[in-house]
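Subject: Handover of a structure and notes on what was found

Dear colleague,

Please find below the structure that I am handing over to you. My notes on it follow, and I would be grateful if you read them with the structure open.

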Amino acid sequence: GADGEIGELLFELAVAELYMLRRHAAKLHYEIALHRSDYERVAPLYAELLTEATRFRFSEEDFLTDVDPGFYSARYLRAWQLEATLAGALVQRFDRDWYRNPRAGGFVRDLMRRGQADDAGRMAERVTGRPLSFAPVIERLTAVLA
């Protein structure tokens, strides 16, 4: 039925998200090592870290082409933390169908009105009173993948 299909889709989306999280965490680890060392020696590290994190085989040949400027992987990781934090806050304040609740619109509008005045950490603390962390991401993925 439809519920089974929705459950399967949610599972597949969670697996894809987990893959991307693990990939970006490994990329950040690698990029830090790359910028701290002789770049000719880190090709094996690139393949090892990405392969271990994702369980897909990565080639040493891509050790310089799979690098984003400005530690972009760190930004992705913080974005996942913030998204999960805000999603959890919306569910907690307005229930699972928060997107149908007109009161949630004002809350979201107030968050967006500030634009990028707050970084992700400050926004998470302002909304939840807690620092940014991976706990909400892990909780969400665990609930779907368990």
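A nonpolar core is a set of buried Ala, Val, Leu, Ile, Met, Phe, Trp, Tyr and Cys residues joined through side-chain atoms within 4.5 Å. Buried, in turn, means under 20% relative accessible area, while exposed means over 50%. Please bear in mind that the model is predicted.

The largest core

With that definition in hand, the largest nonpolar core has 13 residues. The residues with the most contacts inside this core are Leu82, Leu86, Phe107, Leu111, Met123 and Val127. Helices α3, α4 and α5 each supply at least two of the core's residues. Which helix gives the most to this core? The answer is α3, with five residues.

Val127 shows how such a residue is surrounded. Leaving out residues up to four places away in sequence, Val127 touches Leu86, Ala89, Arg93, Phe107 and Leu111. Apart from this core lies another one, of 11 residues, among them Ala26, Ala53, Phe58 and Phe63.

Helix α4

Helix α4 covers residues 102-113, which makes 12 residues. At 1.5 Å a residue, α4 should span 16 Å, and its end C-alpha atoms are 17 Å apart, which agrees. The buried residues in α4 are Ala104, Gly106, Phe107 and Leu111. Why can these residues be said to line one face of the helix? Seen down the axis of α4, the buried residues fall within an arc of 160 degrees, so they line one face.

The face of α4 turned away from the buried side carries the exposed residues Pro102, Met112 and Arg113. On the buried side, the cover includes α3 (72-94) and α5 (120-128).

The two ends of α4 also deserve a look. Just after α4, Gly115 takes a positive phi of about 60 degrees.

The loop and helix α5

Gln116 sits in the loop between α4 and α5. Is Gln116 buried or exposed? Its relative accessibility is 79%, so Gln116 counts as exposed. The C-alpha atoms of Gln116 and Pro136 are separated by 22 Å, and the two residues are 20 residues apart along the chain.

Asp119 caps the N-terminal end of α5, where a side-chain oxygen lies 3.2 Å from the backbone nitrogen of Gly121. Just after α5, Gly129 takes a positive phi of about 80 degrees.

Aromatic pairs

A search of the whole structure finds seven aromatic pairs. Tyr30 lies in helix α1 (residues 2-36) and Tyr46 in helix α2 (residues 43-54), so the pair ties together parts that are 16 residues apart in sequence. Tyr30 is buried, with a relative accessible area of 0%, and Tyr46 counts as buried at 1%. Ring pairs link Tyr30, Tyr46 and Phe58 into a cluster.

Lys27 and Ser73

Lys27 lies in helix α1. Its relative accessibility is 2%, which is under the 20% limit, so Lys27 counts as buried. Neighbours within four places in sequence aside, Lys27 is in contact with Leu50, Asp66, Asp68 and Ser73.

Ser73 lies in helix α3 and is buried, with a relative accessible area of 0%. Not counting residues up to four places away in sequence, Ser73 touches His24, Lys27, Leu28, Glu31 and Asp68. The C-alpha atoms of Ser73 and Gly106 are separated by 31 Å, and these residues are 33 residues apart along the chain.

Yours sincerely,

A colleague

Technical notes
Residues are numbered from 1 along each chain as its sequence is written. This is a predicted model: local features need pLDDT of at least 70, side-chain atom pairs count only at pLDDT 80 or more; totals for chains, interfaces and linings use all residues. Side-chain values use heavy atoms; hydrogens and water are left out. Helices (H or I, at least four residues) and strands (E, at least two) are DSSP runs, numbered from the N terminus. The expected span of a helix is 1.5 Å times one less than its number of residues. Buried means under 20% relative accessible area, exposed over 50%, partly exposed in between (1.4 Å probe, protein chains only). The arc is that of the directions from the helix axis to the C-beta atoms. Contact means heavy atoms within 4.5 Å. Rings of Phe, Tyr and Trp (its six-membered ring) pair if their centres lie within 6.5 Å; planes under 30 degrees apart count as stacked, over 60 as edge-to-face and the rest as tilted. A polar contact is a pair of N or O atoms within 3.5 Å; within protein, one must be able to donate a hydrogen and the other to accept it, and residues adjacent in sequence count only if both atoms are side-chain atoms.
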